[in-house]
Amino acid sequence: MKTRASLKKRSADCKIVRRKGRLYVINKKNPKMKTRQG
């Protein structure tokens, strides 16, 4: 999982989710595409 300074949606299927004070980008159609902030 890549850790980034700022998160943006890469595609229309991406969702930004907040878990345990961290921001995640997850994509149901492409499970490899995961990023994390913080």
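The model on the screen is a predicted one.

**Stop 1: Asn-27 and its contacts**

Colour the chain by secondary structure and find strand 3, which covers residues 22-27 and holds Asn-27. Next, display the side chains of Asn-27 and Ser-11. Which kind of contact joins the side chains of Asn-27 and Ser-11? The answer is a polar contact, with a distance of 3.4 Å. The side chain of Asn-27 has a polar atom that lies 3.4 Å from the backbone nitrogen of Asn-30.

**Stop 2: the whole chain**

How many helices and strands does the protein have? There are four strands and zero helices, and the order along the sequence is β-β-β-β. The C-alpha trace spans about 25 × 15 × 15 Å along its principal axes.

**Stop 3: the salt bridge**

Select Asp-13 and Lys-29, and show their side chains. These two residues form a salt bridge, in which the closest N and O atoms are 3.7 Å apart. Where in the chain do Asp-13 and Lys-29 lie? Asp-13 belongs to the loop between strand 1 (2-4) and strand 2, and Lys-29 to the loop between strand 3 and strand 4 (35-37), so the pair ties together parts that are 16 residues apart in sequence. The structure holds one salt bridge.

**Stop 4: a patch of positive charge**

Keep the surface display and select Lys-9, Lys-15, Arg-19 and Lys-28. Together, these residues gather in a patch of positive charge on the surface. Within this group, look at Arg-19, which is found in strand 2 (residues 14-19). Arg-19 has a relative accessibility of 45% and so counts as partly exposed.

**Stop 5**

Move on to Lys-20, in the loop between strand 2 and strand 3. Lys-20 is not a glycine, yet it has a positive phi of about 55 degrees. Is Lys-20 buried or exposed? Lys-20 counts as exposed, because its relative accessibility is 87%.

**Stop 6**

- Leu-7 and Arg-36: the two are 29 residues apart in sequence, and their C-alpha atoms are 7.7 Å apart in space. Leu-7 lies in the loop between strand 1 and strand 2 and is buried, with a relative accessible area of 15%.
- Ala-5 and Gln-37: these residues are 32 residues apart along the chain, and 6.0 Å separates their C-alpha atoms. Ala-5 is also located in the loop between strand 1 and strand 2, but Ala-5 is exposed, with a relative accessible area of 75%.
- Met-1 and Met-33: the C-alpha atoms are separated by 8.1 Å, and the residues are 32 residues apart along the chain. Met-1 lies in the segment before strand 1 and is exposed, at a relative accessible area of 61%.

Conventions: Residues numbered from 1 in each chain as written. Predicted model: local features only at pLDDT ≥ 70, side-chain atom pairs only at ≥ 80, totals over all residues. Heavy atoms only, no water. Patch = residues over 30% accessible without salt bridge, like charges linked within 9 Å, V, L, I, M, F, W, Y side chains within 5 Å. Areas by Shrake-Rupley, 256 points an atom, 1.4 Å probe, with all protein chains shown as cover. Salt bridge = Lys/Arg side-chain N within 4 Å of Asp/Glu carboxyl O. Lys, Arg positive; Asp, Glu negative; His and termini not counted. Charge placed at Lys NZ, Arg CZ, Asp CG, Glu CD. Helix = DSSP H or I, 4+ residues; strand = E, 2+ residues; numbered from the N terminus. Buried < 20%, exposed > 50% of the residue type's maximum accessible area, 1.4 Å probe, protein only. Polar contact = N/O pair within 3.5 Å; in protein donor to acceptor, adjacent residues only side chain to side chain.
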